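Open the model in your viewer and keep the selection tool at hand. This tour tells you what to select at each stop.

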Amino acid sequence: MTSQTISGISDDALTHRLKTEGIVLEAFPFVFRIKSPLAIVREGLQAVYADYPVLPVDSTFVDFHVAVVSARRVPRPLCVFEVDGARPFTPLAAGEAFAFLEWGMNWCVTGYCHSFLTIHSAVLERAGRVLIMPAPPGSGKSTLCAALVLSGWRLLSDEMALLDTRTGLVVPSPRPISLKNKSIDIIRGRAPEAHFGPIAYDTMKGTVAHMRVPADSLARAREAALPAWVVFPQYKAEADASLALRSKATSLVQLADNSFNQTVMGRAGFEALARLIDSSDCYDFTYGRLDEAIEVFSNLPIPR
Amino acid sequence: MGQGQIWHCRRSADFVLREWPDASVLFDDATGSFHCLNPAAAGLMAILLKSSARSASSLAQELLGEQPDAHDVDMVENVLKEFLSLNLIEQ
């Protein structure tokens, strides 16, 4: 039986469901029940989650019950994120409501999901092997991730690696790619046909928009894969692309620094990281032009 | 000086050492801390993790695979003092 998707629900019906019982969205491997009376949230879901399954409300186990609701109307409208009825964050401008939902969903996973070792990174796959790109904000991680996806890499996640500590495989969690500021127009320019969600202006991160996951990446969301490359990217304007092997030991420590829950997992987390490093080549990568970067990544050798 | 001191690692069960050719990482499960070690330090730690109490001279001999000179023992003792300051081993 074919499951229902967001694109299969009419505007009116989706608006009504979001305002009342909510929708149960399967964003593999997690299930979110989402409620919101705000039109911008519905529009965002329709724009970038169009092809995600919507499951029955009454018979589905839900990992996270979330909502974005109005918080105040004067002097300017605000919205607030809720999880299980609690409000862990201060309100934001109403125009940021969809971005707030995305950030809140990420927070739920990184804060409460300890069945995987989670690492803040972009994650992609080619030829059955996984590229992990941990990096701090401003490093150009998401821009590079979006460009690689548009050049044929499969998106596992723009935000976090989910490492199965038993198998050593990285489990996909493909959700919309978060782009900021100039990157939005850069990626739009490379892919005019790509779908974007509502633009949130003047957020703490600047201007933010989310790009829809390509159909192939979504269709293969259950295909886990073995890590092969850990690359620490750094964008520098006009810099020539430069890829340099780096120490596995320091890479492990930096991966641990980028992990949301390594401290929770203790020895098992360390050993999982060590196996990941064992199976991967580790690099520092500096780039200033996306086309050069794509060329470098297309020639990454598969580790022996 | 100090060559008669005995060094040992009482908390060896807390540690996991993963070695690579260029550098290694010691994980301390009791504190959740990571320590990057160069190959010589990692080799010394590997000996400490499987040994009972030893002198710096004895540790240097096993690390080098030959009779150490005074300079070698001093170098090993300096690393041992660093481990001691990090609460990884005891005297």
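The stops below run from overall confidence to single residues.

**Before you start**

This is a predicted model: local features need pLDDT of at least 70, side-chain atom pairs count only at pLDDT 80 or more, and totals for chains, interfaces and linings use all residues. Residues are numbered from 1 along each chain as its sequence is written, while chains are lettered from A and ligands numbered from 1 in the order in which they are written.

**Stop 1: confidence**

Colour by pLDDT, the predictor's confidence in each residue, from 0 to 100. The model has an ipTM of 0.90 and a pTM of 0.94. Now select chain B. Its mean pLDDT is 94, with 97% of its residues at 70 or more. Within chain B, S3(B) has the highest confidence, at 98. Strand S5 (residues 54-55) of chain B has the lowest, at a mean of 94. Where pLDDT is low, predicted coordinates should not be read in detail.

**Stop 2: the two domains of chain A**

Select 4-112 of chain A for domain 1, then 117-175 + 213-298 for domain 2. These bounds come from an automatic or database domain assignment. The C-alpha centres of the two domains are 27 Å apart. Seven residues of domain 1 and 11 residues of domain 2 make the contact (C-beta atoms, placed from the backbone, within 7 Å).

Which helix gives the most to the domain 1 side? Select helix H3 (residues 97-112) of chain A: it gives three residues. Helices (H or I, at least four residues) and strands (E, at least two) are DSSP runs, numbered from the N terminus. The domain 1 side of this contact has four nonpolar, two polar and one charged residues. Here Ala, Val, Leu, Ile, Met, Phe, Trp, Tyr, Cys and Pro count as nonpolar, Asp, Glu, Lys and Arg as charged, and the others, Gly among them, as polar.

**Stop 3: where chain B meets chain A**

Show both chains. Here 12 residues of chain B contact 13 residues of chain A. Select strand S2 (15-19), strand S3 (24-28) and strand S4 (33-37) of chain B; each supplies at least two residues to chain B's side. S3(B) gives the most, with three residues. Chain B's side has seven nonpolar, two polar and three charged residues.

**Stop 4: a helix pair in chain A**

Two packed helices are described by the angle between their axes and the distance between the axes. Select helix H4 (residues 141-150) and helix H9 (residues 290-298) of chain A. Their axes are 10 Å apart, at an angle of about 65°. Axes are lines fitted to C-alpha atoms, for helices over the stretch in contact, and angles run from 0 to 180 degrees between N-to-C directions. H4(A) and H9(A) are therefore roughly perpendicular (65 to 115 degrees).

Show the side chains. Leu144(A), Ala147(A) and Leu148(A) of H4(A) meet Leu290(A), Ala293(A), Ile294(A) and Phe297(A) of H9(A). By class, this contact has seven nonpolar, no polar and no charged residues.

**Stop 5: a helix pair in chain B**

Select helix H1 (residues 39-50) and helix H2 (residues 56-64) of chain B. Their axes come within 10 Å and cross at roughly 115°. Gly43(B), Leu44(B) and Ile47(B) of H1(B) contact Leu59(B), Glu62(B) and Leu63(B) of H2(B).

**Stop 6: two backbone details**

Zoom to Phe28(A) and Pro29(A). A cis peptide bond joins them, with omega about 5°. Pro29(A) sits in the loop between strand S2 (23-27) and strand S3 (30-35) of chain A.

Finish at Asn181(A). Its phi is positive, about 55°, although it is not a glycine. Asn181(A) lies between strand S13 (177-180) and helix H5 (182-190) of chain A, in the loop.

How values were computed:
Contact = placed C-beta atoms within 7 Å. Parallel < 35°, antiparallel > 145°, perpendicular 65-115°, else oblique.
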